[in-house]
Amino acid sequence: MSTITSRGTITIDVEACKGCELCITACPPQVLSMGTALNQAGFHSPLLHPGCTGCAACLFVCPDFCFEVFRFEQPMATAVPA
Ligand code: SF4
Ligand code: SF4
């Protein structure tokens with residue numbers, strides 16, 4: 001096991017997502033990936049993995065205002081398989 005530190009987290013309004021994937025490439029630590037589930041409009045939406053920095057790049061790039069961003073007061077460690 002190893003650990004990944006997160007300094008923030010996000011919420012994603014999956015029903016507002018149009019699946020453009022701009023957030024995937026905009027995320028500096030690359031902790032977003034497209035999920036396989038479809039929303040009611042038939043679009044895939046992103047999933048968050050451990051390691052968010054709370055930088056808000058996703059919030060600023062998303063044309064559909066899908067994100068809220070929160071910064072932790074203390075970094076949080078997540079155990080992940082090595
Ligand atoms: S806040 Fe920054 S690090 Fe976190 S998911 Fe959005 S772009 Fe990635
Ligand atoms: S940038 Fe916004 S609309 Fe585009 S895939 Fe990401 S969450 Fe969905």
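Of the 82 residues of the protein, 17% count as buried, a residue being buried if 20 or more other C-beta atoms lie within 10 Å of its own, exposed if 12 or fewer, and partly exposed in between, with C-beta atoms placed from the backbone. Welcome to this predicted model, in which local features need pLDDT of at least 70, side-chain atom pairs count only at pLDDT 80 or more, and totals for chains, interfaces and linings use all residues. Residues are numbered from 1 along each chain as its sequence is written, while chains are lettered from A and ligands numbered from 1 in the order in which they are written.

**Overall fold**

- The protein has two helices and four strands; these are DSSP runs numbered from the N terminus, with helices being H or I of at least four residues and strands E of at least two.
- Along the sequence, the elements follow the pattern β-α-β-β-α-β.
- The radius of gyration is 13 Å, which agrees with the value near 12 Å that a compact globule of 82 residues would have; the radius is taken over C-alpha atoms, and the globule rule is 2.2 Å times the number of residues to the power 0.38.
- The C-alpha trace spans about 35 × 25 × 20 Å along its principal axes.
- Of the contacts with a separation of 6 or more, 70% are between residues 24 or more positions apart; two residues are in contact if their C-beta atoms, placed from the backbone, lie within 7 Å.

**Strands and how they pair**

- β1 and β4 pair in the antiparallel sense over ten bridges, where pairing takes at least two DSSP bridges between two strands.
- Within that pair, I4 has T78 in β4 as its bridge partner.
- Strand β4 (residues 67–80) is hardly covered, with one buried residue among its 14.
- Strand β2 (residues 32–38) runs antiparallel to β3, and four bridges join them.
- L32 stands opposite L48 in β3.
- Five residues lie between the strands in the hairpin of β2 and β3, where G42 takes a positive phi near 90°.

**The nonpolar core**

- The largest nonpolar core has eleven residues, among them I10, V31, L32, F67 and C52; such a core is a set of buried Ala, Val, Leu, Ile, Met, Phe, Trp, Tyr and Cys residues joined through C-beta atoms within 7 Å.
- In soluble globular proteins, nonpolar side chains tend to be buried together.
- Leaving aside its neighbours within four places in sequence, C52 is in contact with S6, G8, T9, I10 and V31.

**Around the two ligands**

- Ligand 1 has 15 residues around it, of which C27, C52, C55, A57 and C58 come nearest; a residue is near a molecule if its C-beta atom, placed from the backbone, lies within 6 Å of it.
- β1 (2–12) and α2 (57–61) each supply at least two residues of the shell around ligand 1.
- That shell divides into twelve nonpolar, three polar and no charged residues; Ala, Val, Leu, Ile, Met, Phe, Trp, Tyr, Cys and Pro count as nonpolar, Asp, Glu, Lys and Arg as charged, and the others, Gly among them, as polar.
- Ligand 2 has 13 residues around it, and C17, C20, C23, C62 and C66 come nearest.
- The shell around ligand 2 has eight nonpolar, two polar and three charged residues, with α1 (22–26) and β3 (44–48) each supplying at least two residues.

**Two loop residues to look at**

- E21 sits in the loop between β1 and α1 and has a positive phi of about 70° although it is not a glycine.
- E21 counts as partly exposed because it has 15 C-beta neighbours inside 10 Å.
- Q30, in the loop between α1 and β2, has a positive phi near 55°.
- With 11 C-beta neighbours inside 10 Å, Q30 counts as exposed.
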